[in-house]
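Hi everyone, thanks for coming. Let's look at one structure together and work from single residues up to the core. Here it is.

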Amino acid sequence: MPIQSPFPIRLKEARTIKGLTQVQLGVRIGMDENSASARMNQYEKGKHAPDFDTMKRMAEELGVPVAYFFCETELDAKLMQMLHLLSKQQKERLLIQLANQD
């Protein structure tokens, strides 16, 4: 039995939190206004998956890292969002702290 990708759920969740319609998100990442809703709907239904470039543009517009779209649990998704907000220096310090735990 194939495992369903978390991508459609995460995409819809991030878009909704940002307060964008499917058309608005599609247009903001460069899709034609006439096809944006249909394409975004297919992504959110899991019928098609975007290429990495499109996925990257969506992530940037929604303020999440691309990895967020593939988090299997809500906890992982929230952690990914929090990590995304940290500076490089903060991430490096956190990594050192985690590595030094017994």
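Let me start with V27, which touches E33 and A36, leaving out residues up to four places away in sequence; contact here means heavy atoms within 4.5 Å. Before going on, a word about what you are seeing: this is a predicted model, where local features need pLDDT of at least 70 and side-chain atom pairs count only at pLDDT 80 or more, while totals for chains, interfaces and linings use all residues. Residues are numbered from 1 along each chain as its sequence is written, and side-chain values use heavy atoms, with hydrogens and water left out.

V27 sits in helix α2; helices are DSSP runs of H or I with at least four residues, strands are runs of E with at least two, and both are numbered from the N terminus.

Compare R15 in helix α1, residues 7-18. R15 counts as buried because its relative accessibility is 9%. Its contacts beyond four places in sequence include L20, L25, E44 and L62.

Now for helix α4, residues 52-62, where T54, M55, M58, A59 and L62 are buried. These residues cover an arc of only 135 degrees around the axis, so they lie on the same side of α4; the arc is taken from the directions from the helix axis to the C-beta atoms. The face turned away from that buried side carries the exposed F52 and E60. What do the buried residues of α4 pack against? They pack against α1, α2 (22-28) and α3 (33-45).

Finally, the core. The largest nonpolar core has 20 residues, and L11, L25, M58, L62 and F69 have the most contacts inside it. By nonpolar core I mean a set of buried Ala, Val, Leu, Ile, Met, Phe, Trp, Tyr and Cys residues joined through side-chain atoms within 4.5 Å. Helices α1, α3 and α4 each supply at least two residues of this core, and α4 gives the most, with 4 residues. In soluble globular proteins, nonpolar side chains tend to be buried together.

Take F69 as an example: beyond its neighbours within four places, F69 is in contact with several residues, among them F7, L11, M58 and L62.

How values were computed. Buried means under 20% relative accessible area, exposed over 50%, partly exposed in between (1.4 Å probe, protein chains only).
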